[in-house]
Amino acid sequence: FSEIMYDPQGSDTSREWVEIYNDTSSAIDFTSWKFFESGTNHGVTSYSGGVSLQAGGYAVIADNPVKFLEHNSSYQGVLYDSSFSLSNSGEQLILKNVSSVAIDTITYNTSLGGNDDGSTLSRIDGTWVRGSATPGNTNQAQAGSGMSSGTATSTENQSTVAQMAPPSADIILYMPFEKIVVAGAETEFSTYGMTRAGKPIDNLRCNWAFGDGGQAIGTSTTKYRYAYPGRYITQVEGTNGQVTGVGRMLVRVVPPDVSISKIDTGKYGTYVDIYNPNVYALDLSQWKLSINGSAFSFPKNTLIAEHSTTRFSGLAMGFASTTISNGTIVKILFPNLEEVSSFTVGNSLGVVLGASTSSIPVLTKQIYVIKPTVKVNQTSTTTQITPTTTKIAISNKDTRIVSWIKSIFRH
């Protein structure tokens, strides 16, 4: 929230509006967000100017867009429509993103100004003051407004690339809103700072707290390894000696559930199939693939899509000429060489290369025969279900299964 017209001079009917500001580095579609007033949920729809608010841009959410434009004819920015009625004595407003996370909260009251005098509540340098109505433009404090503090409460949980935590008045620290990392794997964390005017902050010294008892002191980029899965809050405090700021993000630490499903040789040499069973993509940056003790690194930013098998080319990673045989051991390792998953050729299906068809077990299954039984002098009919057992043997003439098994381990 950047500006609130909660009590226009004269009649309030259909003339109330709030202004929002996108201080992230990406456009945001606010039609998927929710606007709450005193706990009441209001949807947001596009009226004019498109559905998305560009980075560094202002937009207005109006109770009545037609009336708003009648009184603000010069406004040409993004205009959203919503149904609300702001209290003249004060109330709490909340802006929630598509994940229902509260991104900003303001509790206002008449002591801040803006009550039936044509002024608005305007956020200037992190403080709410009485300001001139400037929808779509930089806020301007009215003369004599003063810089009130402690009366309004505000938190700015930025979405997508911005911090969760309320920044100080000096600096805004930007970082991912939420990050998924793998337990046991070293992960890079980074942030950057900007003034509210958009000027970059260089040479940040940061104090990191990762939410599980761990910490780091150093630059705006650091590495950390979570030991256990869970949900944590990472917070960073940054300063260049002149300005300071605080940033925060959610960290979801997941188990290293990934497996090797196949290793084989194709037209371009040896390849390995790796399966990700999770509902999220896994980042294998700088992890290693070990084949009989020889390690090959996954490049930075290597991702495996959710519920997908990815084929890794030996031609690309350097193991194309590796010979695969019974007993070949393939492993996935963290960058510190800690084992994540392993696969041994010849053991994956419990089949030994060169096994005869006689080693394939005979399968049995239960077949249920349904026999209707009619009882004399009764109008109802009952059904008797009798189980019988039959054996299904694999014919020696049909060698397709054996050929398929052998083809997996041929090399």
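Tutor: Take Lys 179: its charged end sits over the ring of Phe 189, 5.7 Å from the ring centre. Bear in mind that this is a predicted model, where local features need pLDDT of at least 70, side-chain atom pairs count only at pLDDT 80 or more, and totals for chains, interfaces and linings use all residues. Residues are numbered from 1 along each chain as its sequence is written, and side-chain values use heavy atoms, with hydrogens and water left out.

Student: What makes the charged end of Lys 179 count as sitting over the ring of Phe 189?

Tutor: The rule wants NZ of Lys or CZ of Arg within 6 Å of the ring centre and within 35 degrees of the ring normal. Lys 179 comes in at 5.7 Å. Lys 96 does the like over the ring of Phe 36, at 4.4 Å from its centre.

Student: Why is the pair Phe 210 and Tyr 224 called stacked?

Tutor: Rings of Phe, Tyr and Trp (its six-membered ring) pair if their centres lie within 6.5 Å; planes under 30 degrees apart count as stacked, over 60 as edge-to-face and the rest as tilted. Here the centres are 4.0 Å apart and the planes at 5°, so the pair is stacked. Phe 210 lies in the loop between strands E21 and E22, while Tyr 224 is in strand E23, 14 residues apart. (Strands are DSSP runs of E, at least two residues; helices are runs of H or I, at least four; both are numbered from the N terminus.) Ring pairs also link Phe 210 and Tyr 224 into a cluster with Phe 189, Trp 208, Tyr 226 and Tyr 232.

Student: How do you know that Glu 178 and Arg 231 form a salt bridge?

Tutor: You need a side-chain nitrogen of Lys or Arg within 4 Å of a carboxyl oxygen of Asp or Glu. For Glu 178 and Arg 231 the closest N and O atoms are 3.7 Å apart, so by that rule they form one. The partners are 53 residues apart, in strands E17 and E24.

Student: And why is Arg 231 called exposed, but Glu 178 partly exposed?

Tutor: Buried means under 20% relative accessible area, exposed over 50%, partly exposed in between (1.4 Å probe, protein chains only). Arg 231 has 58%, so it is exposed; Glu 178 has 37%, so it is partly exposed.

Student: What about Lys 67 and Glu 70?

Tutor: Their closest N and O atoms are 3.9 Å apart, a salt bridge. Both sit in helix H1, separated by about one helical turn because they are three residues apart.
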